[in-house]
Amino acid sequence: MTVLTTDQEGMKQIKHVSDSKGTISNLTFIIFAMVGVLVIVFTIASMIVPRFFDLATMSNLLVQQSELIIIGIGVTFIVITGRLDLSVGGVVAMAGVLSAYFAQANTRAEFSLSSGLGLPYWLAVVLTLICCMGIGAVNALFIVKFKIASIIVTLGGMSLARGIAMIIARGAQRNVGLPPEFGFFGRFSIIGTINLAVCFMIVLVLIALFVEKKTVFGRKLFLIGSNKTAADLSGIKTDRQIAQLYIISSFLAGVTGILMASKFCSGNSSIAGGYEFDALVITVLGGTSIHGGFGSVICAVIGAFILGILSTSVNMLGYPPASQLLVRGFVIVIAILAQRYALNKRNV
Amino acid sequence: MGSSNEHILEIRNLVKDFPGVRAVNDVSFNIKKNTVHCLVGENGAGKSTLIKILTGAYQRTEGTILLRGEEYSARNPKEARDNGIATLFQELNVVDQLTVEENLTLGLEDTKFGFIRSSTKIKRMVETLKDIEPSIHPKHRVSRLSVAKKQIVEIAKAAASEAEIIIMDEPTASLSEKEINRLFTIIRELRKKNVTVIYISHRLDEIMELGDMVTVMRDGKHIATKPVSEVKDRSELIHMMIGKTVFEEYVPRETSSMEPLLTAKGISNSKLKDLSFHVNKGEIIGFYGLVGSGKTELASALYGIDRYSGEFVFKGKPLKGGPSDAIASGIALVPEERRTQGIFPNLTIRMNIPVMNMKHITKRNIIRDHLDRKTAKEYITKLNIVTDTTEKELSKLSGGNQQKVVFSKCLFADSDLLILDEPTRGVDVGAKSEIYSIVRHLSEQGTSIIVFSSELQEILYSCDRIYLLFDGVLKAEIKNGPDVDTAKIIHIATGGM
């Protein structure tokens, strides 16, 4: 039954409804734009930095950034829901130290840094990951149950995890009495320095992309980020999903921590300093919106390589670390301004 | 063209192009000094764009605007205000955390060494406010005021800043009838004080009551400008707004023989007092009451958002749990605030529609792309959502089309009971009657519907049975019909007995 008929409405109804935009979506647009930036940065670095365009440099870059990207996956998911996770750096350190402590031979020695629990390595890994997920669960509890802003809670989580690492490693590192298996992940290599972290990263990114694009879990990330109230009223259990995300994020940070400890054959309590911010930077640099509801794991991958090329170049040109920070800050601000500008232009 | 002293604003051949659309198409008309000039048209007719050009939010593509006979163009809202054009937006621009007085002078503070000093300006503002509405205390926090009073604060701000033109965009959208009358008195006072009001509303009765002149726009074009006294009735306006119209009156049905679907027994909480009622299968029930009468609270309780004592028995079983349980048992809600509760603004139509029933587009939690797309297309056609693609973000649709997407969400949930909280707020006439026809169609298919509304017209247009709410109390139950006494309904809903 129609109550109202108008000539125009009738025409509109007949008009074909397409399921593509005709042009690419905003997200694809930003991804292409950032790939463009990556190519430009890469080209410039290859031209002006001696020995940059070199297999060794490339594979080092890949390995370093892989660790960051694994963390970036969890962080991206959380940022898409409009929240933050600043605890990941601390969790990396905690995971490294714990995995060493659990695996170290139990010598009952006085000097406790050289004596651990003497558990088999696989058990050490499992226990470490459970502890890491515990940090995620604490984050989730305060964010979801007590409704405290995620930035504050995860800043707390950062200190908590780093604190645990510091206590167990006495502010230093645990590298004595580790079983030979401890270095297995770190030693494992395909070609050159391409190690397990790279393989993990590739597999995890592929899984994450599938989750993000094709699953209900992924769809809900965007719904929560776009409008949490509407998501609640639409029957989505947003709290449960947010809690799961923090646990996943800490889990991924734990995986990274275990890999890094294995690489250095040491559980170092001061490793991965600033990783929480680097993970956020690569996420946002690649185009994921800090306001939520917009972004992709692939953005974090692109962001990681842009950031990696910059750091490596400045390093290789022999500038002091201070100017590295300056260049990074400058490029990040420019890149994010450019993204906003491009999106605004597009959406007038 | 008339003499320029008579016309405060002359708009000539105004054009505004957006990529792919001409939003304002060669519009010319004049606005007389000291009048209430109404602007009507469906959503997407170009009213908002026109207003945004006047207030400096958009830049025109072509055309001239003369303000007091002189060429006028504002590059930003501040320039418009400096030229004496103030705007009351749909979204109120008051800061809740500040006091009334601080809000009045926001952006106009006199400072010395960065500190705010009290000045004659503040005094004048407070005086103006006192003139308009003595019941608002300048030292009170704005968060304590009702929407209506917040609006009055904004009007006082505009009036005291010596604005000659005040633009009001849907000022009555969330006001009760009493508050609306108060607003109208204020607007008439303003007119006496040399202020020209440009008044935009979807509520045509208001225009007939308040307006001196009316301009109708359609599809970006100017259709007519004439004195309201020369407009025969609202259907003439509707005619101009949408071209050809056929309005169909609703014939309420006898529903007492239908089997009951929902029974409420003694629902109480801080806002609701011992409410008992029932809804039959396939019936359309209306809850009519003013803002603050407890409509939204009742909807929230039923949907499991708010706590309550008492019991809702739905399909023979008591309801418990939150929205996800309500949806699972067959209840869906079209919430009151579309923008903040209903839509996912930066996501596409395709991602918005299946939200309440993901199971239907997935297999083992993996989204089936073809089902996803098919669903979006199906509802775009079914509800006549105006778009050329399923991939359009909701924020880019007009209010009416956004509301149709919210309806699509609820329809896709395949529910037996649909709760509609102010279902046509901020929606244009065309979309409104489309929504009514959807509601009727659904009830014919056996879906029960509860409409919560503060628009009596809406209730009379769509319901079989009406409950009147006042201050959280169920005052009366009335069968809708041609002989229903509207005066009595309003009497009861405003607190009379």
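Reader: How far apart are the end C-alpha atoms of helix α4 (residues 120-132) of chain B?
Author: Helices here are DSSP runs of H or I with at least four residues, strands are runs of E with at least two, and both are numbered from the N terminus. The expected span of a helix is 1.5 Å times one less than its number of residues. For the 13 residues of α4(B) that gives 18 Å, and the distance between its end C-alpha atoms agrees, at 18 Å.

Reader: What kind of model is this?
Author: Residues are numbered from 1 along each chain as its sequence is written, with chains lettered from A and ligands numbered from 1 in the order written. Local features need pLDDT of at least 70 and side-chain atom pairs count only at pLDDT 80 or more, while totals for chains, interfaces and linings use all residues, since the model is predicted.

Reader: Back to α4(B): within what arc do its buried residues fall?
Author: Buried means 20 or more other C-beta atoms (placed from the backbone) within 10 Å of a residue's own, exposed means 12 or fewer, and partly exposed is in between. The buried ones on α4(B) are B:Ile122, B:Met125, B:Val126, B:Thr128 and B:Leu129, while B:Thr120 and B:Lys123 on the other side are exposed. Taking directions from the helix axis to the C-beta atoms, the buried set lines one face, because it falls within an arc of 155°.

Reader: Which helices do those buried residues of α4(B) pack against?
Author: Contact means C-beta atoms, placed from the backbone, within 7 Å. By that test the partners are both in chain B, namely α3 (100-104) and α5 (147-160).

Reader: How many residues has the largest nonpolar core?
Author: A core is a set of buried Ala, Val, Leu, Ile, Met, Phe, Trp, Tyr and Cys residues joined through C-beta atoms within 7 Å. A:Val92, A:Met94 and B:Ile419 have the most contacts inside the largest one, whose residue count is 168.

Key
Two residues are in contact if their C-beta atoms, placed from the backbone, lie within 7 Å.
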